[in-house]
Amino acid sequence: MMAFCLAFILRGNMIAAALGTAFGNPLTFPLIFAAAYRIGIFLLGRQPERVGEANLFTLLRHLDFAALWHPILKPVLVGSLPLAALCGAVFYVLTWQGVCLFQQRGKRRTL
């Protein structure tokens, strides 16, 4: 609902807002994170590591993410790049096809 409200207020595209929230929402974030982590581990040629208990509030207060960089953040970053490239390519093709169909319908109406 927030995406639709913001799209309406900013005169944005409601369809784009719906698609953006359909793929990036709290229900899909764990799946995206897990996929990026697994792909990153594979690309880096490593095995998943167990990370000791990390106090998130301490890390945020001191901005000390070094303890999580090697075991978690680096594989997620590396794994998210091919995921983003794949999703970008798929949606580019779908958008291109949609625009072509839209233009063809517009030409038919003018004839």
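This is a predicted model: local features need pLDDT of at least 70, side-chain atom pairs count only at pLDDT 80 or more; totals for chains, interfaces and linings use all residues.
Is Arg11 buried, partly exposed or exposed? With a relative accessibility of 79%, Arg11 counts as exposed. The sections below start with the overall picture and then come back to this residue and a few others.

## The overall picture

The mean pLDDT of the protein is 84, and 89% of its residues reach 70 or more. Among its elements, H3 has the highest mean pLDDT (93), while helix H4 (residues 56-62) has the lowest (67).

The protein has five helices and zero strands. Read from the N terminus on, its elements run α-α-α-α-α. Of the 111 residues in the protein, 13% are buried. The protein exposes about 9400 Å², and carbon and sulfur atoms supply 71% of that area. Turning to contacts between residues at least 6 apart in sequence, 55% of them join residues at least 24 apart.

## Arg11 and its backbone

Back to the opening residue. Arg11 is found in the loop between H1 and helix H2 (14-23). Its phi is positive, about 55°, although Arg11 is not a glycine. Most residues other than glycine have a negative phi.

## A nonpolar patch

Which residues make the nonpolar surface patch of about 830 Å²? They are Met1, Phe4, Leu6, Phe8, Ile9, Leu10 and Met14. Helix H1 (residues 2-9) gives the largest share of this patch, with four residues.

Leu6 makes a handy example to look at. This residue has its place in helix H1. Because its relative accessibility is 48%, Leu6 counts as partly exposed.

Now look at Ile41, which is found in helix H3 (residues 29-44). The cut-off for buried is under 20% relative accessible area, and Ile41, at 6% relative accessibility, counts as buried. Leaving aside neighbours within four places in sequence, Ile41 is in contact with Arg46, Gln47, Pro48 and Pro75. Val76 is 35 residues away from Ile41 along the chain, yet the C-alpha atoms of the two are separated by 8.1 Å.

Leu44 also has its place in helix H3. Its relative accessible area is 30%, so Leu44 is partly exposed. Again leaving aside neighbours within four places in sequence, the contacts of Leu44 are with Lys74, Pro75 and Val78. One of these partners, Lys74, is in contact with Leu44 despite being 30 residues apart from it in sequence, and the C-alpha to C-alpha distance of this pair is 9.3 Å.

How many aromatic pairs does the structure hold? It holds one. The partners are Tyr92 and Trp96, whose ring centres are 6.3 Å apart and whose planes meet at 25°, so the pair is stacked. The angle matters here because planes under 30 degrees apart count as stacked.

Why are Tyr92 and Trp96 separated by about one helical turn? Because they are four residues apart in helix H5 (residues 66-110). Trp96, at 49% relative accessibility, counts as partly exposed.

Methods
Residues are numbered from 1 along each chain as its sequence is written. Side-chain values use heavy atoms; hydrogens and water are left out. Helices (H or I, at least four residues) and strands (E, at least two) are DSSP runs, numbered from the N terminus. Buried means under 20% relative accessible area, exposed over 50%, partly exposed in between (1.4 Å probe, protein chains only). Contact means heavy atoms within 4.5 Å. Patches are made of residues with over 30% relative accessible area and no salt bridge: like charges are joined within 9 Å, nonpolar side chains (Val, Leu, Ile, Met, Phe, Trp, Tyr) within 5 Å. Accessible areas come from the Shrake-Rupley method with a 1.4 Å probe; for residues, only the protein chains shown count as cover. A salt bridge is a side-chain nitrogen of Lys or Arg within 4 Å of a carboxyl oxygen of Asp or Glu. Rings of Phe, Tyr and Trp (its six-membered ring) pair if their centres lie within 6.5 Å; planes under 30 degrees apart count as stacked, over 60 as edge-to-face and the rest as tilted. pLDDT is the predictor's confidence in each residue, from 0 to 100.
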